[in-house]
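Reader: Can you put the model up? I would like to go through contacts, cores and helix packing.

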Amino acid sequence: MSAPARPETLYRKHVEMCHLPENEHTFDFMSDYLTMMDILAKAITHGLEEACRITPLQYRIMIRMLADSDMHTKSLSADLHVGVSTVSVAVSKLANKKLISRSESATDMRLVGLNLTDAGRALVAKADLAVYTIMTEYWNTLTREQLEAAMTSSISAVERYSHMRYENGEPRIDTAFVDTVMISRMLTAQALQEHGMTAADYRVLLALKIMGGRSFSADIAKFLFLNSSDLTSCIKNLEAMGLITRQRMEENRRIRVIELTLKGNARTIELLPIVFDALHETCHSSDELIKIHVSAARDLVARKRHRGDF
């Protein structure tokens, strides 16, 4: 995959200058975008687990196998931009459930060919219904403009990073949207991994930055729609890197306040354009499309905060 060209957009310029007071809103919209991707990924994961006992990766593998017979682990890894070992584990679990079959590859005797079984095809149909239900519920919350932007960007993302699924000559938008969510999260994770950080780690830094640089674990978790236990490893990682400190409260020694260090603040600012570029690289959006995506993210997060969903 070639290195992406740096997007020259107004939003990118604001992100690059996020240290200026007039551009502080960039931390908010990037936090909300990452939160939206997390919310959608969890909804997809929960829906597929509840309906079919499969993961989003297993679903994507089976979808890919609908179009091509005699697939193999390496080709699936390349198509989905997921490590061979990760794909191997997912494939083994599908084979154990007799959802896919293994045989000597028709094109290369050194490879094991993979094909969907009748049970696998039946499960894909069941998973499709679960995915369509999840996506429809989300799409119904969008404005017409937001929905059109989401569909345009999803098709663009899948054309760049995956394989479009067609039915009756038309792209299957709900499947494309699942791919887009996973692709966006993959690109964000890869970009941050190069800087020794996970997406969850960076979301905590963003939350602290937005919350004035000082807060409690429970409040950060609430802000990010997570449980406090979800932050345990993030807080340890960030503290080990010197990006945050934890101090016991004088009035209650059992409670620790988490504070962004100067190094942590600088790191949050430094990495914001990198995270933004991962957003942009997902579908190469224009300023207008980015504006619509940001509005959708902010609306979703605002609705969940209003309802107290956490």
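**Contacts, cores and packing**

Reader: Start with Ser153. What does Ser153 touch, leaving out residues up to four places away in sequence?
Author: Ser153 touches Cys283, Ser285, Leu289 and His293, where contact means heavy atoms within 4.5 Å.

Reader: What is the basis for these values?
Author: This is a predicted model, where local features need pLDDT of at least 70 and side-chain atom pairs count only at pLDDT 80 or more, while totals for chains, interfaces and linings use all residues. Residues are numbered from 1 along each chain as its sequence is written, and side-chain values use heavy atoms, with hydrogens and water left out.

Reader: Which side chain has a polar contact with that of Ser153?
Author: That of His293, at 2.6 Å. A polar contact is a pair of N or O atoms within 3.5 Å; within protein, one must be able to donate a hydrogen and the other to accept it, and residues adjacent in sequence count only if both atoms are side-chain atoms.

Reader: Is Ser153 buried or exposed?
Author: Ser153 has 5% relative accessibility, so it counts as buried. Buried means under 20% relative accessible area, exposed over 50%, partly exposed in between (1.4 Å probe, protein chains only). Ser153 is part of helix H7, residues 144–161; helices (H or I, at least four residues) and strands (E, at least two) are DSSP runs, numbered from the N terminus.

Reader: Cores next. Which residues touch the most other members of the largest nonpolar core?
Author: Met30, Ile54, Ile61, Tyr138 and Tyr202, out of 84 residues in that core. Helix H2 (residues 25–52) gives the most to this core, with 13 residues. A nonpolar core is a set of buried Ala, Val, Leu, Ile, Met, Phe, Trp, Tyr and Cys residues joined through side-chain atoms within 4.5 Å.

Reader: And what is Ile61 in contact with, beyond four places in sequence?
Author: Ile61 is in contact with Leu76, Leu80, Val87, Ala90, Val91 and Leu94. Another core lies apart from the largest one and has six residues, including Tyr161, Ile183, Leu187 and Ala191.

Reader: Ile61 is in H3. At what angle do H3 and H4 pack?
Author: At about 110°, with the axes 11 Å apart, for H3 (residues 56–67) and H4 (residues 73–80). Axes are lines fitted to C-alpha atoms, for helices over the stretch in contact, and angles run from 0 to 180 degrees between N-to-C directions.

Reader: How do H3 and H4 lie to each other, parallel or perpendicular?
Author: H3 and H4 are therefore roughly perpendicular. Angles under 35 degrees count as roughly parallel, over 145 as roughly antiparallel, 65 to 115 as roughly perpendicular and the rest as oblique. Leu57, Arg60, Ile61, Arg64 and Met65 in H3 meet Leu76, Asp79 and Leu80 in H4.

Reader: Switching to charges. How many salt bridges does the structure hold?
Author: It holds 19. A salt bridge is a side-chain nitrogen of Lys or Arg within 4 Å of a carboxyl oxygen of Asp or Glu.

Reader: What does Asp38 do there?
Author: The side chain of Asp38 forms a salt bridge with that of Arg185, 3.4 Å from N to O. The pair links distant parts of the chain, with Asp38 in helix H2 and Arg185 in helix H8 (residues 173–193), 147 residues apart. Asp38 also forms a salt bridge with Arg203, whose closest N and O atoms are 3.3 Å apart. Arg203 lies in helix H9 (residues 199–210) and Asp38 in helix H2, so this pair ties together parts that are 165 residues apart in sequence.

Reader: Which of these count as buried?
Author: Asp38 counts as buried at 11% relative accessibility, and Arg203 counts as buried at 7%. Arg185, at 36%, counts as partly exposed.

Reader: Which residues form a network of salt bridges?
Author: Asp128, Arg165, Glu167, Arg172 and Asp174 are linked in one.

Reader: Backbone, then. What is phi of Arg53?
Author: Phi of Arg53 is near 60°, a positive value in a residue other than glycine. Most residues other than glycine have a negative phi. Arg53 sits in the loop between H2 and H3, and its side chain meets that of Glu49 in a salt bridge, 3.7 Å from N to O.

Reader: Where does Lys98 lie?
Author: Lys98 is in the loop between helix H5 (84–96) and strand S1 (100–104). Its phi is also near 60°, and at 61% relative accessibility Lys98 counts as exposed.
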